[in-house]
Amino acid sequence: MSVYLEKLAEFSSLLRQEGLAVGLQETADACEILSCLDLTDRETVRSALSAVYAKSREEQAAFQRAFDGFFVSAERRDALRRQHEAEARELARRREEAQRELQVNGQPMELREDLEEVYIRMGQEKREQLHQMLERTRGTMGRSPDKLYGNFIRSVFMRFLLEQQMVMEDAAVDCEETDPDLALLYRDISLFKDADVPRAAALIAAISRQLDAELSRQRQGRGHSGTLDFKRTIRRGLETGGAFYRLSYRRKRRRRRRLVLLCDVSGSMLQFSEFALRFIKSMSEVAESSAAFLFSEQVRPVDPFALQNMDAFRDYVRSSGLYGRGTDLGAALEALCTRRPAPLGPSVTLLILSDTKTIDLPRAARTLLEARRQAGKVLWLNPIPARKWPYVRSIQTMASLCQMVPCSTLDELARACRKLMK
Amino acid sequence: MDMATLRAKLDEARYICDDSLVTTLLVALKLGRPLLIEGAAGVGKTEVAKVMAAALDRELVRLQCYEGLDESKALYEWNYQKQLLSIQVQMNRQDPDALTQSLFGDEYLLERPLLQSIRAERPVVLLIDEIDKSDEEFEAFLLELLSEMQVSIPEVGVVRARSIPFVVLTSNRTRPLSEALRRRCAYLYLQYPDVEKEVSIIRAKLPNVNEHLAVQVARAVHGLRASDAILKKPSIAETLDWVSALEALGMRDLTPESARQTIGFVLKSSEDMEAAGPVLSGGGEDGCSCGHGHDHDHEHGHEHGHCGRCHSGDGT
């Protein structure tokens, strides 16, 4: 039993790493249920543990991956062992090959083991780039090889490592097989193909309905948070012989915020802006009035709620001359701040939809500060995945000036909209 | 109860399900945990509770959730009229404290489904249907009941369960449920059945229906569900309605014509009905709904509704 417990504790820990909220109770439940099941039936064990550990459809997908990785069947284990042996042989062979190829002045290059593995995994094109560089610097390497090629090789290798990591971090890769809708929800919007767009639109419509329902529930379900309404309480008390069994409360009038949207529609941002507008448009109760501005190098006012058909949005952008241009956020914000009548004000939430890539970053930062001063709240929806933010200077600059929310996937976009509702 | 017994009981109740569902039900039963079932509308979530009530030979107590549902509708309410009458009758009683005390006895308590389920002498199956339609406050209120199997009534105190009900919560995922609620439940996600399973369901629920028609309808419904153009996907109950309607009209085959005449049993909006045209006439994922396992690519040598392999020798 202690062996099972130990294994289950390890499995629980693995699930925690996968993002599941697994506590002691779940592990205890798993232990209890396994004691009354046929442990030789893998699928039964899988279903039982899934019911105990995974508490949503998303968690189920993560659970399946973890289960397959942790509880390996005997056949699979043998196959994996054979595969690992073959891979180890292949790695050793390629390592020798790499040592032959990477030579400086006839001597093998002193590379760390992990960087050597990176070289082995490199495509032919990148390897050739590296060899060309080594050829070019052959003459000077003898004098100070470390300083000369060290930085370059490290940068090439680190970039490759980063790319690999990003691919692995793409949650959609694993979700794809289990559920296409779920995969779409977690896939980077910039990776959407044309064929995905109708499915994505249907998904957005479904999520928007959810958001709308949540909003209306929030509005109606406030309960009696207001003060006691004496008149109504007395009037209702008459129905029960003057006894005040049912108290009536004054409902607080909820003031909705005004929303001003500033949408980047330059080439790469069009798809994202279209999806984001679909979300925001569907949330009819978010704001009592809104204004929207589209920008690339110039800025144009547009009424997003009038664009009922989102295909018309795309056509409008293309015909307006904004599409395919560069991005000048500074000019757009400046136009917004100086516009009369002023669209910004203390009760306004300024929502910026942009990837922060702009010409004249210092000016953009200055005007963002001014916009922040004029508007009550500034929220930035950024389609670039959060894991890439540390490498993009403009994002770091803008994120330090206002609240920035990552919106690289439809799921994140929905979360951002929930944030808007609060 | 073990897997085999539960499976036998579900079979007895004519409930078609796979081993994974039986395992999940057993897990919830063994651990005494509520079972949270999520899935699209019409996949048979509510049916699980009904079938479990039949399988366990327990009474089914149902609480239908909706916006604004509160404790007075879900847990208990005092019978105010009876209390007022009682006050008037006993107005001259000497001991006012005793009178007040007596007003909050069982006699004046109106039990609602939640209280009814935990105060029942014999354990029941408690179905809390469409929990996602209720407010978050109500969800929070349920936590005490689901984890401790007790409820607090201010005038009475803590009411502990006499018998532990088997609780089934269903959700259509119109809003995310709280983590706290999820953590207290065993979880099951139900998907629409595949064609084979749906045919088995039709066979189990409507044993007299023509097998060939059942396969055709199951394939057609599968095509409708797979189509992005159909917004409200047909439920299993609607599949059964469709088969019954076709059978009642004496239609032995699902031809485009018969489908057009009876489509109202499976699709409930004019937009969906319009969009269903191409799907049912072969433009859908499955191609024609003739019911045969052969590939359909519109070049398979027969008109839809005139499949030589589907139709019996009478040439219909």
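Predicted model: local features only at pLDDT ≥ 70, side-chain atom pairs only at ≥ 80, totals over all residues.
Local features need pLDDT of at least 70, side-chain atom pairs count only at pLDDT 80 or more, and totals for chains, interfaces and linings use all residues. Residues are numbered from 1 along each chain as its sequence is written.

**Exercise 1.** Find out how covered strand S5 of chain B is.

*Solution.* Start with the strand, a DSSP run of E with at least two residues, numbered from the N terminus. S5(B) spans residues 125-129, and five of its five residues are buried (under 20% relative accessible area, 1.4 Å probe, protein chains only). Next, check each face: B:Val125, B:Leu127 and B:Asp129 lie on one side, with B:Leu126 and B:Ile128 on the other.

**Exercise 2.** Work out which strands pair with S5(B).

*Solution.* Pairing takes at least two DSSP bridges between two strands. Strand S2 (residues 60-64) of chain B runs parallel to S5(B), with five bridges; here B:Val61 sits opposite B:Leu126. Then turn to S8 (residues 166-171) of chain B, also parallel, with four bridges. There, B:Ile128 has B:Leu169 as its bridge partner.

**Exercise 3.** Describe the contact between chains A and B.

*Solution.* First, count residues with heavy atoms within 4.5 Å: chain A gives 33 and chain B gives 32. Now look for salt bridges (a side-chain nitrogen of Lys or Arg within 4 Å of a carboxyl oxygen of Asp or Glu); there are four across the interface. One of them joins A:Asp29 to B:Arg33, with the closest N and O atoms 2.8 Å apart.

Definitions and conventions
Chains lettered and ligands numbered in written order. Heavy atoms only, no water. Buried < 20%, exposed > 50% of the residue type's maximum accessible area, 1.4 Å probe, protein only.
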